[in-house]
Amino acid sequence: MRRAALPVAAALGAGLLLGGCGADDSSSPAQLSVSAAYMPQPVSGSMAAGFLTLTNEGGTKDELTSVTSDLGEVTVHETTGGVMKEAGPLAVPAHGRLVLESGGSHLMFEKLTHRPKEGEKVSVELHFAHSEPVRAELPVKPATYRPATGH
């Protein structure tokens, strides 16, 4: 009986060791970063828009739930069928991106404390369902600015 138990125990141990090899990282936490952030210089003294790309290099999805800024109140909006409305939480997929762009989902700043001018930077803090907040700077670009990357 003892001889049969030894090979079984060895096989189980090898299976446990090999089980970790090649495993996906779907349980790794979200790893969020911001790129391509900017704000076109507002044409109005009371409202502005902001655009950026959120990248998640982790194995777990997260959701952008809110955004705060000293510049004023910030909400996330989406444009669907030519109609703009406030959006609920937006998914940031595992190993994926959330692009906030003109004509799509974007940041709306209202009740501005001042009208930002080209060359300034606007600070924002992005809040998520599961991850710690991420701070980002949005450089203020000319009102007609269109990034070469298409977003």
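Does Arg97 count as buried or exposed, and at what relative accessibility? Arg97 counts as exposed, because its relative accessibility is 55%. Here, buried means under 20% relative accessible area, exposed means over 50%, and partly exposed lies in between (1.4 Å probe, protein chains only).

Welcome to this structure. It is a predicted model, in which local features need pLDDT of at least 70 and side-chain atom pairs count only at pLDDT 80 or more, while totals for chains, interfaces and linings use all residues. Residues are numbered from 1 along each chain as its sequence is written, and side-chain values use heavy atoms, with hydrogens and water left out.

**The overall picture**

The protein chain has 1 helix and 10 strands. Helices (H or I, at least four residues) and strands (E, at least two) are DSSP runs, numbered from the N terminus. Reading along the sequence gives the pattern α-β-β-β-β-β-β-β-β-β-β. The chain has 151 residues, and 36% of them count as buried. Among contacts (heavy atoms within 4.5 Å) with a separation of 6 or more, 72% are between residues 24 or more positions apart.

**How the strands pair**

Two strands pair if DSSP finds at least two bridges between them. The table lists pairings in this model.

| Strands | Direction | Bridges |
|---|---|---|
| β1 and β2 | antiparallel | 5 bridges |
| β1 and β10 | parallel | 2 bridges |
| β3 and β9 | antiparallel | 4 bridges |
| β9 and β10 | antiparallel | 6 bridges |

Val34 has Leu54 in β2 as its bridge partner, and Pro40 is partnered by Lys141 in β10. Ser66 stands opposite His127 in β9, while Glu125 has Arg135 in β10 as its bridge partner.

Arg97 lies in strand β7, which covers residues 96-100. In sequence, Arg97 is 43 residues from Leu54, yet their C-alpha atoms are 5.5 Å apart in space. Apart from neighbours within four places in sequence, Arg97 is in contact with Thr53, Leu54 and Thr55. Leu54 is also the β2 bridge partner of Val34.

**Two serines in loops**

Ser28 sits in the loop between α1 (2-19) and β1 (32-40). Ser28 counts as buried because its relative accessible area is 17%. Its side chain reaches the backbone nitrogen of Gly59 at 2.8 Å. Setting aside neighbours within four places in sequence, Ser28 is in contact with Gly58, Gly59 and Thr60.

Ser131 belongs to the loop between β9 (121-128) and β10 (134-141). The side chains of Ser131 and Asp62 make a polar contact at 2.5 Å. A polar contact is a pair of N or O atoms within 3.5 Å; within protein, one must be able to donate a hydrogen and the other to accept it, and residues adjacent in sequence count only if both atoms are side-chain atoms. Beyond neighbours within four places in sequence, Ser131 is in contact with Ala30, Leu32 and Asp62.
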